[in-house]
Amino acid sequence: MCRLFALRSDQPVTADLWLLDAPYSLLHQSRFNADGTGLGWIDERGQARLRKRPVAAFESEAFTQVATTLRARSMMAHVRLSSGTEHCEENTHPFLQDGILSAHNGVLMVTEEMRQRVRELDAGHHVHGTTDSEWLAALVTGEVAAHGGNLRAGVVSALSWTIAHVPVYSVNLLVMTDTELIAVRLPATNELWVLERAATAEAPREPLEQSSDSLRARSEGLRDTRSVVVASEPMDDDPAWRLMDSGELIHLGADGTLRSEHPFGPLAHALSLEELGLSAAASQAHAAQAREQEHRRRRLAEVGA
């Protein structure tokens with residue numbers, strides 16, 4: 001199962017804590033999701049930027065360099081476990097289309113009806129690879145344009161159409177522009193977590209710090225800065241992490257307000273794990289197996305201590 005990460009803060013910060021050093025960082029997770037690594041961010045001019053390669057994060061010096069030097073208010077990362085499609089840059093997340101960054105974890109069936117809908121929205125030219133995720137990204141991009149650039153309306157329209165017309169196993173989605181961040185967990189098949197850290201001049205937060213037997217993570221950059229983090233699983237032991245509800249959409253707007261809603265109905269055709277192809281099923285089941293192995297390793301270590 002792929003892993004998602006997004007960060008938005010009031011001031012430009014580095015994200016080396018989250019991407020490299022935290023006990024549950026994307027770098028650690030990439031050892032189980034080794035088919036692609038991507039970083040997207042909004043630069044100081046408000047332009048969306050992208051750096052991605054079809055390699056594992058832990059094997060990529062470029063990933064480490066960017067993760068430790070990048071400073072931005074908004075960023076998104078993805079490590080990929082392929083569900084059967086080719087390992088190539090075109091199939092690697094995030095996707096950048098008309099200034100919209102997006103990344104997806106899950107499986108849906110790309111039907112001819114879906115391809116036709118994307119073409120009707122004049123968004124077919126955005127699809128260069130073979131993944132369901134890129135077709136979904138193009139559908140979102142097309143719907144946003146059809147709704148006059150309204151990101152929330154476009155995402156809701158795209159996913160509402162998808163769950164009404166397309167067989168879906170899971171759609172966990174991140175969508176980001178220069179001013180907004182949207183995260184969706186749909187349905188409850190795969191987890192998606194959110195952490196909101198508030199800081200004011202009167203009551204600043206402590207710097208982020210996490211220690212374990214073999215790792216120590218620290219980030220002064222987020223000491224006095226309000227931030228919102230979305231990730232596939234809690235990346236440290238902060239009790240403020242919240243598991244998003246099934247069907248929940250969170251929207252961090254240009255005004256800095258974080259809103260939660262449940263705008264989606266039930267899936268018209270919910271796919272079971274047994275209905276997925278062998279590669280897709282393996283990719284979705286892999287994460288649970290990896291978590292169980294990690295828990296087992298920790299229990300054995302505690303017993304032997």
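Two strands are taken to pair if DSSP finds at least two bridges between them. Helices (H or I, at least four residues) and strands (E, at least two) are themselves DSSP runs, numbered from the N terminus. The structure is a predicted model, in which local features need pLDDT of at least 70 and side-chain atom pairs count only at pLDDT 80 or more, while totals for chains, interfaces and linings use all residues. Residues are numbered from 1 along each chain as its sequence is written, and side-chain values use heavy atoms, with hydrogens and water left out.

The chain contains seven helices and 15 strands. Of its 305 residues, 54% count as buried, where buried means under 20% relative accessible area, exposed over 50%, and partly exposed in between (1.4 Å probe, protein chains only). Contact means heavy atoms within 4.5 Å. Among contacts in the chain between residues at least 6 apart in sequence, 70% join residues at least 24 apart.

The description may start from a sheet. Strands of a sheet pair through backbone hydrogen bonds, either parallel or antiparallel. Here six strands form an open sheet in the order E5-E6-E7-E8-E14-E15, with antiparallel pairing. E5 and strand E15 (258–261) stand at the edges with a single partner strand each, so one side of each is left without a neighbour in the sheet. From one strand to the next, the twist averages 20 degrees.

Not counting residues up to four places away in sequence, Leu249 touches Val155, Val156, Ile182, Ala183, Val184, Arg259, Ser260, Glu261, Pro263 and Phe264. Leu249 and Asn172 are 77 residues apart in sequence, yet their C-alpha atoms are 9.9 Å apart in space.

Gln97 counts as buried because its relative accessibility is 2%. Leaving aside neighbours within four places in sequence, Gln97 is in contact with His126, Glu134, Ala137, Ala138 and Thr141. A polar atom of the Gln97 side chain lies 3.3 Å from the backbone nitrogen of Ala138; a polar contact is a pair of N or O atoms within 3.5 Å, and within protein one must be able to donate a hydrogen and the other to accept it, with residues adjacent in sequence counting only if both atoms are side-chain atoms.

Helix H5 lies across E5, strand E6 (100–108) and strand E7 (168–176), running at about 130 degrees to E6. Such angles run from 0 to 180 degrees between N-to-C directions, and axes are lines fitted to C-alpha atoms, for helices over the stretch in contact.

H5 also packs with another helix. Two packed helices are described by the angle between their axes and the distance between the axes. The axes of helix H4 (residues 112–120) and helix H5 (residues 132–146) come within 9 Å and cross at roughly 35 degrees. H4 passes H5 in a left-handed crossing, a term for a near helix turned anticlockwise from the far one by less than a right angle. In this contact, Met114, Arg115, Arg117, Val118 and Arg119 of H4 meet Trp135, Leu136, Ala138, Leu139 and Glu143 of H5. The residues of the contact divide into six nonpolar, no polar and four charged, with Ala, Val, Leu, Ile, Met, Phe, Trp, Tyr, Cys and Pro counted as nonpolar, Asp, Glu, Lys and Arg as charged, and the others, Gly among them, as polar.

Asp98, in the loop between E5 and E6, has a phi near 50 degrees, a positive value in a residue other than glycine. Asp98 counts as exposed because its relative accessibility is 58%. In the loop between H4 and H5, Asp122 has a positive phi of about 60 degrees although it is not a glycine; Asp122 is exposed, with a relative accessible area of 61%. Finally, a cis peptide bond joins Leu186 and Pro187, with omega about -15 degrees, and Pro187 is placed in the loop between strand E8 (181–186) and strand E9 (193–197).
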